[in-house]
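Today I want to look up some charged pairs and a surface patch.

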Amino acid sequence: MAHYRGPDPKREQFRRYLEKAGVVDSLTSVLVALYEQPEKPNNALEFVKQHLNAAGQMSADTEALQQEVVDLRQRCARLAEETKDLKAKLQRYEPEDGATAD
């Protein structure tokens, strides 16, 4: 006689976690897109990877890091310009022949 086992609580908790995180929806939409392809791709796994990347939304961390990169590039450009200006000013005050003041 078969023994019925109820759902594993850890498995159910993990399933709820995946649903809450949007993983189930993302996987479902990618698999539906694969199913609806008139010509199935040669490499289904590559199709899934590409579509998960395309469908995946940027996390808050990713967006923050991208903004930080933009900010740092702008700051670097400003500092490079400032360095150039300061070097030009310094050249005006340094003796041209390398002589030192006594």
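A definition to start with: I call a residue buried under 20% relative accessible area, exposed over 50%, and partly exposed in between. A reminder to myself that this is a predicted model.

Entry one, Arg15. I looked up its accessibility and found a relative accessible area of 35%, so Arg15 is partly exposed.

Entry two, salt bridges. I asked how many salt bridges the count comes to. The count comes to 2. Arg15 meets Glu12 in a salt bridge, with N to O at 2.7 Å. Arg15 also forms a salt bridge with Glu19, where the closest N and O atoms are 2.9 Å apart.

Entry three, the spacing. Why are Arg15 and Glu12 separated by about one helical turn? Because they are 3 residues apart in helix 1, which covers residues 9-21.

I checked Glu12 and found it partly exposed at 25% relative accessibility. Glu19 is partly exposed as well, with a relative accessible area of 40%.

Which residues make the nonpolar surface patch? I wrote down Val23, Leu27, Leu31 and Leu52, for a patch of about 290 Å². Helix 2, residues 23-35, gives the most to the patch, with 3 residues. I picked out Leu27, which is found in helix 2; Leu27 has a relative accessible area of 38% and is partly exposed.

Notes
Residues numbered from 1 in each chain as written. Predicted model: local features only at pLDDT ≥ 70, side-chain atom pairs only at ≥ 80, totals over all residues. Heavy atoms only, no water. Patch = residues over 30% accessible without salt bridge, like charges linked within 9 Å, V, L, I, M, F, W, Y side chains within 5 Å. Areas by Shrake-Rupley, 256 points an atom, 1.4 Å probe, with all protein chains shown as cover. Salt bridge = Lys/Arg side-chain N within 4 Å of Asp/Glu carboxyl O. Helix = DSSP H or I, 4+ residues; strand = E, 2+ residues; numbered from the N terminus. Buried < 20%, exposed > 50% of the residue type's maximum accessible area, 1.4 Å probe, protein only.
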